[in-house]
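The sequence and the structure come next, followed by a description in plain text.

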Amino acid sequence: MDVKIHQEWKELLQDQFDAPYFENLIQFVKSEYATKTVYPPGKLIFNAFDKSPVSKVKVVILGQDPYHGPGQAHGLCFSVPDHIPAPPSLKNIAKEITNDIGSIALKTTNLEPWAEQGVFLLNATLTVRAHQAGSHQNKGWEIFTDAVMRKLSDEKEHIAFLLWGAYAIKKRDLIDESKHLVLTSVHPSPLSAARGFFGNHHFSKVNSFLQLHNETPIVW
């Protein structure tokens, strides 16, 4: 499978790539791509890692697994390519940004501009079968992405972690909160957004935190 991943991540995660669980995971993923419709396209599985090298990461947003509709997933959580209509959660994210920072944000559904500024858009599970949410959970991806979160916490300082929804909030234990900012709320899904995602002001809080630590704020 022809995947792209930045060299900095290859070096940081070499112990994971060499681990037996990862070999089993890759065999499973290859088999799925060979016999089923699976998203995102194989070359984009590690797109978040390729667009946001370790040295640039200053914000982490954690999703659960990729969108499972045709053309939606491209390896960045909550993001879809430019020509794809915004899914409901992304619409709610855009709405909160506009309310929070007082400007019309998210002129595109493609969050690559965030990734290029160091917003690491990580899904806990990096692949999914078409139309089957959660179909690649508990195959090894979560071991890998938990290790990613832990390594970022250990190796870096002053990252803002955004954990939306019960699933993401459970990952809080992976983060050293003595040196990082952790912001939690309900998920931006229409099922929960009105119960605390709207009005969480996470985007302005992240930028205040970054400025406090002499980092350039994110252009949301």
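In what follows, a residue is buried if its relative accessible area is under 20%, exposed if that area is over 50%, and partly exposed in between. The model described here is predicted.

**The sheet**

The description begins with the strands. Four strands form an open sheet in the order S3-S2-S5-S6, and their pairing is parallel. At the edges are strand S3 (119-123) and strand S6 (181-185), each of which pairs on one side only. From one strand to the next, the twist averages 20 degrees. Strands of a sheet are held in pairs by backbone hydrogen bonds, in either a parallel or an antiparallel manner.

| Pair | Sense | Bridges |
|---|---|---|
| S2 and S3 | parallel | five bridges |
| S2 and S5 | parallel | four bridges |
| S5 and S6 | parallel | five bridges |

Individual residues show how the strands line up. Ile 61 has Leu 121 as its bridge partner in S3, and Ile 61 also stands opposite Leu 162 in S5. Leu 162 in turn stands opposite Leu 183 in S6. Gly 63 has Asn 123 as its bridge partner in S3.

**Burial of the strands**

Which way do the residues of S2 point, and are they buried or exposed? Val 59, Ile 61 and Gly 63 point one way from S2, while Val 60 and Leu 62 point the other way, and all are buried. In a regular strand, side chains alternate between the two faces of the sheet. Because five of the five residues of S2 are buried, the strand is largely enclosed by the rest of the structure. Strand S6 is mostly covered, with four of its five residues buried.

**Helices on the sheet**

Helix H7 (residues 141-155) lies across S2, S3 and strand S5 (160-164), and runs at about 155 degrees to S3. Helix H9 (residues 202-212) also packs on the sheet, where it touches S2, S5 and S6. The direction of H9 makes about 175 degrees with that of S6.

Helix H9 meets a further helix. The axes of helix H5 (residues 88-101) and H9 come within 8 Å and cross at roughly 60 degrees. H5 is therefore oblique to H9. On the H5 side, the contact is made by Ile 93, Glu 96, Ile 97, Asp 100 and Ile 101, and on the H9 side by His 202, Phe 203 and Ser 204. By type, the residues of this contact are four nonpolar, two polar and two charged.

**The nonpolar core**

The largest nonpolar core has 68 residues. Those with the most contacts inside this core are Trp 9, Phe 49, Ile 61, Trp 114, Phe 120 and Phe 144. Which residues does Phe 144 touch, leaving aside its neighbours within four places in sequence? Phe 144 is in contact with Leu 13, Gln 16, Phe 17, Tyr 21, Phe 22, Phe 46, Phe 49 and Leu 126.

**Backbone details**

Some places in the backbone deserve a separate note. A cis peptide bond joins Tyr 39 and Pro 40, with omega at about -5 degrees. Pro 40 is found in the loop between strand S1 (38-39) and helix H4 (47-51).

His 158 is not a glycine, yet it has a positive phi of about 60 degrees. The residue sits in the loop between H7 and S5.

Asn 214 lies in the segment after H9. Its relative accessible area is 74%, so Asn 214 is exposed.

**A position in helix H7**

Asp 154 lies in helix H7. Asp 154 counts as exposed because its relative accessibility is 51%, the cut-off for exposed being over 50%. Asp 154 and Lys 179 are 25 residues apart along the chain, and their C-alpha atoms are separated by 9.4 Å.

Note on methods:
Residues numbered from 1 in each chain as written. Predicted model: local features only at pLDDT ≥ 70, side-chain atom pairs only at ≥ 80, totals over all residues. Heavy atoms only, no water. Pairing = 2+ DSSP bridges. Helix = DSSP H or I, 4+ residues; strand = E, 2+ residues; numbered from the N terminus. Axes fitted to C-alpha atoms, helices over the stretch in contact; angles between N-to-C directions. Contact = heavy atoms within 4.5 Å. Core = buried A, V, L, I, M, F, W, Y, C linked by side-chain atoms within 4.5 Å. Buried < 20%, exposed > 50% of the residue type's maximum accessible area, 1.4 Å probe, protein only. Parallel < 35°, antiparallel > 145°, perpendicular 65-115°, else oblique. Nonpolar A, V, L, I, M, F, W, Y, C, P; charged D, E, K, R; others polar.
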